[in-house]
Amino acid sequence: MGASSTAPFAAPFVVAGPSGVAVRDRLKGLTVEDERVLRLVGAHLGSLAGRDLKARCADGLDHDAERWAARKRGLTGESSARWAGSITKASHDQWALARRCQLAHLRSLEAGVQTIEHRLSQAIGAKGAKRAPGGYRSKREWFAKSRRLGVLKDRLAAEQADWDAGVVRVVRGGRRLLTTRHNLEDAGFTADDWRARWEAGRWFLHADGESGKGYGNETIRVTPQGEVSIRLPAPLAHLANTKHGRYVLACRVAFKHRGTEWADRIACNSAVAYRIHLDVDRGRWYVTASWQRPAAPALPLEAARVRGMVGVDTNADHFAAWRLDRHGNPVGDPRRFDYDLSGGAAHRDAQVRHAITRLLHWATACGVAAIGIEDLHFTKEKTRERHGRHKRFRQLISGMPTGKLRARLVAMAAEAGLAIVAVDPAYTSRWGAQHWRAPMTSETRKVSRHDAASIAIGRRALGHPIRRRTAPPPHDQSDHAGHRTVQVGAGTPEREGPRPPVTEPAHDARPRLGTMRTRATSTSNTVRDARSTRKWEQNPLLDTV
């Protein structure tokens, strides 16, 4: 299989680094009064946020700056100007996120409709091609899919109408948690447990930063000594325990991770946003500080390839990695970094973070400057219309957190000083197994399909073709038309090519045994010819005898 029969691949590119930072610390030592004030403030601002989000969704596509200002003025009297600004901005961001999700859902429905229409147009039992599925296997399946096509078209028409009208549907607190209320026994919750999670998820204790103000935030302020104070909304101003309507918590915070960078920002009054939230499962309060910073210039692609590359194949339960030199040759043995994506979100996040940490430590020890990884997105490939009855495969690709994994890998690699090179994922597993699995397998090393795919990904990131050799010259299958290898340039030392011409041996070189015999034979033949010549000169008649 060659690349000439396939569509052109997307060129590799260096992924831009993160533009924001977030650190978190626990609020230890809160008093009963502190927790009561936080709950009251969160519930009050949460009700205002829900009302504002409803108004923003009602505006739809007619929203403009005047409507935004009107909403902010309506909230200022019940909170403060800065609280109102944070609430309206959060509502706008949530509406925009719902809008993007709606577009993704539209694209998924369109892909499903196109796939079903194509398969219905094929004969029953017709085999599919490389990029297009075949017909359905039975009349029963054909009939069931024809009915599903009508359902999907109805859904597509409804979603398209909502998209054109700017209508989105958002649930503050999460739609999943809302539907859990109807299945408390299956989720293992009681009514009180669910109510506590629902209320905590709908609280609002998020304040955007503002440069030039005291310590970068006037609403939720954290001093260099770790003192946390909150500007109370107007209806709760009577709960203040200090001047200017502020409430100071009894605890102290210290951001150990990036604490120096955070301290430098608040020392120069640069904007820092804070969010206070409650972990209901543990009964702990946390504060998260976040800020933006100028994105570091991306490493040029050629500079990222100088010291080789680590190719990484992303799978449902592990990373398969292999180090390659700058010529695309595998070095050493493959590595595997396992993770478990079962369980809750916190467990999955910890597993992915731990696997990425081990991968980055190994890549740093290898001395490379970049990691090559597939640009996975799985937009149209998740639908069951695409894969039919392959339910386990659909669950496999749906369970891979590609978006979160890519974002976390980029952020952590930037801190480790490594660049991320994204490549087109087309045919990496197939061609890697075809061209590299057997050659790299030995009696002491077993190479899996994923290990071979990591070599293919690394070679594509380095700019080399995945195949180990090109086809020989067509006219005589020799090296007359040029070198057969395409891995390195013509001027590279030790480059594989035709055998160099034999040079003359030195005058004092000791001849080999075979050479000595040849020379001795030649000498004896010469002496015998000379004797025959003298005899002929003495008696010319010998030639006629």
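Predicted model: local features only at pLDDT ≥ 70, side-chain atom pairs only at ≥ 80, totals over all residues.
Colleague: Over how many bridges do β5 and strand β6 (residues 246-252) pair?
Modeller: Residues are numbered from 1 along each chain as its sequence is written, and side-chain values use heavy atoms, with hydrogens and water left out. Strands (E, at least two residues) and helices (H or I, at least four) are DSSP runs numbered from the N terminus, and two strands pair if DSSP finds at least two bridges between them. β5 and β6 run in the antiparallel sense, and their pairing covers 4 bridges.

Colleague: Which residue of β6 is the bridge partner of E227?
Modeller: β5 spans residues 227-231. Across from E227, the partner in β6 is R252.

Colleague: In the hairpin of β4 and β5, which residue takes a positive phi?
Modeller: β4 (residues 220-222) and β5 are antiparallel and joined by 3 bridges, with V222 opposite V228. Between the strands lie 4 residues, and the positive phi, near 90 degrees, belongs to G226.

Colleague: Which strands form the edges of the open sheet of 6 strands?
Modeller: The order is β1-β13-β12-β9-β10-β11, with mixed pairing. Within this sheet, β9 (residues 309-314) and β10 (residues 318-324) pair in the antiparallel sense over 6 bridges, and D313 has A320 as its bridge partner. An edge strand pairs on one side only, which here holds for β1 (13-14) and β11 (330-338).

Colleague: How do α2 and α3 lie to each other: parallel, antiparallel, perpendicular or oblique?
Modeller: α2 (residues 65-76) and α3 (residues 81-121) pack at about 135 degrees, with axes 8 Å apart; the axes are lines fitted to C-alpha atoms over the stretch in contact, and angles run from 0 to 180 degrees between N-to-C directions. Under 35 degrees counts as roughly parallel, over 145 as roughly antiparallel, 65 to 115 as roughly perpendicular and the rest as oblique. That is why α2 is, relative to α3, oblique.

Colleague: Which residues of α2 meet α3?
Modeller: Contact means heavy atoms within 4.5 Å. On the α3 side, the residues include A81, I87 and H92. From α2 come W68, R71, K72, L75 and T76.

Colleague: What distance does α1 reach from its first C-alpha to its last?
Modeller: α1 (residues 32-59) has 28 residues and is followed by G60, whose phi is positive, near 60 degrees.

Notes:
Expected span 1.5 Å × (residues − 1).
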